[in-house]
Amino acid sequence: MTTARAAAILLGKELRLEFRTRELLNTTIIFALIVVVLFSFAFDPTPAESRHYGPGLLWIAFLFAGALMLQPSFAREQLNDTLDALRMAPVKPFAILLGKMLANFIFLAITEAILVPVFAVLYNVSLYGIIGRLIFVLAFGTAGLVITGTVFAAISGHARMRELLLPILLLPVLAPLMIAAVEATSSLFADQPALDSVWASFLAGFDVVFFTASWLLSDYLVEE
Amino acid sequence: MKLHAGIAILVVALVIFSGYAALFIAPDEATMHEVQRIFYFHVASWTAMFIAFSVALIANISYLRTRRPKWDWLGVSGAEVGVICCTVGLVTGPLWAKPVWGIWWTWDARLTTTFLLWLLYISYLLLRGLIEDPARRATLSAVFGIFAFLDVPLVYVSNRLWRTQHPQPVVFGGPNAGLDATMAKVLMISIVAIVAVTILLLAQRYRLERLRHELDELRFAVEERATAAEVQRATAPITTPDYSKGRV
Amino acid sequence: MSVLDGTMDGALEQDSRGASSHSRSAAGARPAANDSAHAIEASPAGGLGISFEKIEKRFGALVALRGVTLAISAGEFVALLGPNGAGKTTLLRIAAQLMMPTSGRVVFASPDANGEPPKLRIAMVGHSTLLYDQLTAAENLRLFAKLYGFEDVDTRTAGALDSCGLGSRAGSIVRTFSRGMRQRLSIARALLTAPRLLLLDEPAAGLDRQGLAWLSEMLARLRGDGATVLMSTHARNESLDLATRAVSLANGRVERDSGMGGDPRSLLAELRAEA
């Protein structure tokens with residue numbers, strides 16, 4: 001059984017689980033929405049200010065939403081010790097992690113797909129002409145978030161205070177990702193939208209570094 | 001023991017001497033005058049921090065490869081001592097900056113990276129505090145330590161790129177640029193002194209961890225003896241089932 | 001390395017478990033047929049032997065196992081007895097390779113090239129159900145059938161569900177199941193993969209009389225196919241009639257062992273008194 005095939009099977013299981021109850025998706029989307037709305041109360045921005053600060057707001061919302069949903073996502077495997085069942089199965093530990101990463105990516109992608117248009121409407125920011133490039137930036141940024149976040153959820157899953165611990169572990173590590181994602185998004189929201197190649201490359205680099213690290217260290221993350 | 005005492009005394013002497021040198025031997029700096037003298041300890045503490053965190057990284061990797069507890073002890077020692085050095089640096093920096101440049105802090109690349117480094121290793125220590133089982137604690141914190149370390153260059157690069165686009169006032173510009181000869185010597189002495197203290201602290205912290213471990217082992221051995229004695233009294237001999245004695 | 005024979009015949013005769021089984025020479029590698037995931041037969045061609053050598057397990061200051069040495073031949077049905085806290089669960093989890101011992105090692109007979117058995121051959125029924133509450137019974141089984149590389153996922157799943165009497169509830173999510181039903185499904189999940197070493201940690205818990213009868217029947221069938229079974233229990237149940245050996249643990253050590261080829265009934269009889 002190859003890692004890819006096992007991860008695909010596990011991804012199928014994750015999606016099936018989630019779409020039956022949609023509890024993770026619902027709560028994540030609502031939370032991100034609340035952050036987006038609170039922003040207007042905190043800053044009462046003009047449309048110009050919204051374009052200026054919007055990228056920061058969006059990425060804060062997605063980072064926080066991600067940091068909150070990643071632990072419950074992992075906790076699903078701790079419920080009836082199904083993680084043990086997966087560990088006993090003839091699949092590589094990395095396949096288990098990869099399945100989770102892919103699932104978390106899809107859930108956050110759905111959240112973003114809903115929140116970005118909502119943001120555009122609420123703050124009168126036009127997305128005309130930049131959608132494709134915006135999706136690109138969102139994808140690479142979210143990938144970095146779920147790769148690191150899934151790994152850290154596996155780590156904090158064994159600790160006390162795990163729901164609070166995960167954001168503490170994750171957010172500082174993601175600071176460079178956030179800078180890159182916000183900058184890349186900002187250059188898309190500018191008067192002359194452009195995909196900043198420096199930041200886009202940085203995002204890709206970040207993803208590669210942490211993906212490789214999680215692949216190399218996966219055995220230690222999944223063991224008892 | 002004598003050797004330890006001797007080394008400790010030597011290090012203390014070195015620190016006192018470097019303090020004296022910083023305050024009295026080093027020449028007065030042209031623009032900043034007295035306040036500038038903090039620079040000797042500020043830079044030294046960064047060097048010490050770098051060494052401590054490097055030790056922590058090596059320990060983390062070694063633990064994962066060998067699973068020997070001593071690497072875990074070294075890892076936590078490196079992290080804790082590194083956090084102390086980092087704190088010293090982060091505190092002396094603003095103390096120096098305010099009178100000289102008028103601001104406590106700026107989010108330039110180096111400072112931001114250092115602050116984040118501090119946060120990362122604080123998180124490492126927090127994580128350790130929240131995991132009970134020693135083996136699991138060692139493994140998971142080692143993995144996190146490696147991830148945290150991988151993040152540091154990324155933090156620095158991203159901040160540099162960011163600040164070239166959105167400049168902020170840069171303070172502490174190149175301390176070694178155009179340094180007066182005596183100042184350079186005093187700096188070297190300071191660095192050696194502070195690094196010596198750091199290594200001493202590291203060694204002591206490692207020893208503390210090792211002693212804690214030994215204490216646990218001793219407790220465990222004592223309890224084992226007690227249990228074994230109890231089991232001896234209470235149970236039938238191991239190899240021959242003897243049903244005439246009835247159940248245990 | 002202890003001599004654990006991996007090539008038991010399909011029919012495990014009572015008298016072949018003589019005292020000489022210890023000295024029977026290893027008859028070489030397992031038949032290659034079962035090495036490929038796709039060629040897994042519905043009934044395994046024989047059991048997996050397992051040998052614990054000086055197993056110690058500590059969790060910080062808490063000691064679960066203090067030097068357990070135990071050699072189990074392929075095809076044996078070992079009842080693992082002992083009070084709570086004796087270390088039975090820990091020993092089983094180490095056998096399932098869910099955790100590593102602090103010291104000592106576990107050796108499996110009929111290994112493949114690197115001395116490690118493919119996980120395909122070991123299954124466990126634990127304290128938790130190891131099931132996804134929000135998936136249906138069928139979905140749970142299908143998932144594991146796929147993960148273990150079986151091609152005949154549908155037939156295998158349907159067969160397993162019918163066998164444990166949950167065929168009519170195949171499409172219901174596990175959350176709606178009673179304790180007994182979940183336990184049955186949990187056992188079915190373990191049997192699904194046609195294991196050659198089955199580890200059971202108090203499998204009778206939560207089962208009603210029908211469930212217990214079904215469990216006995218399944219275990220008898222496994223035994224007939226020559227699989228090795230290691231079952232911990234602290235109460236009497238009818239599956240114990242199938243046991244060929246009884247080992248009792250206390251305080252993390254093997255206290256008594258009826259031995260390979262010995263008679264477990266006297267040890268098991270004491271169990272009745274404890275239950």
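**Notebook: a predicted model with chains A, B and C**

I began at Leu203(A). Leaving aside its neighbours within four places in sequence, I found Leu203(A) in contact with Phe140(A), Gly141(A), Gly144(A), Leu177(A), Ala180(A), Ala181(A) and Ala184(A). I note here that the model is predicted.

**Entry: the nonpolar core**

I then looked up the core to which Leu203(A) belongs. The largest nonpolar core has 207 residues, and among these Leu203(A) and Leu199(C) touch the most other members. Which element gives the largest share of this core? I found that it is helix α2 of chain B, residues 39-66, with 14 residues.

**Entry: chain B on its own**

I listed the elements of chain B and found six helices and zero strands. Read from the N terminus, the order is α-α-α-α-α-α. Chain B has 248 residues, of which 35% are buried. I also checked how far apart in sequence the contacting residues of chain B are. Of the contacts between residues at least 6 apart in sequence, 79% join residues at least 24 apart.

I picked one loop residue of chain B to look at. Glu34(B) sits in the loop between α1 (2-25) and α2 of that chain. Is Glu34(B) buried or exposed? I counted 10 C-beta neighbours inside 10 Å, so Glu34(B) is classed as exposed; the cut-off for exposed is 12 or fewer. I also took the distance from Glu34(B) to Leu23(B). These two are 11 residues apart along the chain, and their C-alpha atoms are separated by 8.4 Å.

**Entry: where chain B touches chain A**

I counted the residues on both sides of this interface. On chain B, 24 residues are in contact with 24 residues of chain A. On the chain B side, the elements that give two or more residues are α4 (109-129) and α5 (134-165). The largest share of that side comes from α5(B), with 15 residues. I sorted the chain B side by class and got 19 nonpolar, three polar and two charged residues.

**Entry: a length check on a helix of chain A**

I checked helix α5 of chain A, residues 93-122. Its 30 residues, at 1.5 Å a residue, should span 44 Å, and the C-alpha atoms at its ends are 43 Å apart, which agrees. Just after α5(A), I noted a positive phi of about 55° at Asn124(A).

I turned to chain C, which has six helices and nine strands. Of its 275 residues, 51% count as buried. Among the contacts in chain C between residues at least 6 apart in sequence, 73% join residues at least 24 apart.

I traced one open sheet of three strands, in the order β2-β1-β4 of chain C, with antiparallel pairing. Which strands stand at the edges of the sheet? They are β2 (62-72) and β4 (103-108) of chain C; each has a single partner strand, so one side of each is left without a neighbour in the sheet. Neighbouring strands of this sheet are turned by 15° against each other on average, direction ignored. Strand β1 of chain C, residues 50-59, is joined to β4(C) by five bridges. Ile50(C) has Phe108(C) in β4(C) as its bridge partner.

**Entry: strand β8 of chain C**

I looked last at β8(C), residues 245-250. Why is β8(C) described as largely enclosed by the rest of the structure? Five of its six residues are buried, so the description follows from that count. I then looked up the partners of β8(C). Strand β3 of chain C, residues 77-81, runs parallel to β8(C) and is joined to it by four bridges. Ala79(C) stands opposite Ala246(C) of β8(C).

Strand β9 of chain C, residues 253-257, pairs with β8(C) in the antiparallel sense, again over four bridges. Ala250(C) has Arg253(C) in β9(C) as its bridge partner. I found that β8(C) and β9(C) form a hairpin with two residues between them. In the turn, Asn251(C) has a positive phi of about 50°.

How values were computed: Residues are numbered from 1 along each chain as its sequence is written. Chains are lettered from A and ligands numbered from 1 in the order in which they are written. This is a predicted model: local features need pLDDT of at least 70, side-chain atom pairs count only at pLDDT 80 or more; totals for chains, interfaces and linings use all residues. A nonpolar core is a set of buried Ala, Val, Leu, Ile, Met, Phe, Trp, Tyr and Cys residues joined through C-beta atoms within 7 Å. A residue is buried if 20 or more other C-beta atoms lie within 10 Å of its own, exposed if 12 or fewer, and partly exposed in between; C-beta atoms are placed from the backbone. Two residues are in contact if their C-beta atoms, placed from the backbone, lie within 7 Å. Ala, Val, Leu, Ile, Met, Phe, Trp, Tyr, Cys and Pro count as nonpolar, Asp, Glu, Lys and Arg as charged, and the others, Gly among them, as polar. Two strands pair if DSSP finds at least two bridges between them. The expected span of a helix is 1.5 Å times one less than its number of residues. Axes are lines fitted to C-alpha atoms, for helices over the stretch in contact, and angles run from 0 to 180 degrees between N-to-C directions.
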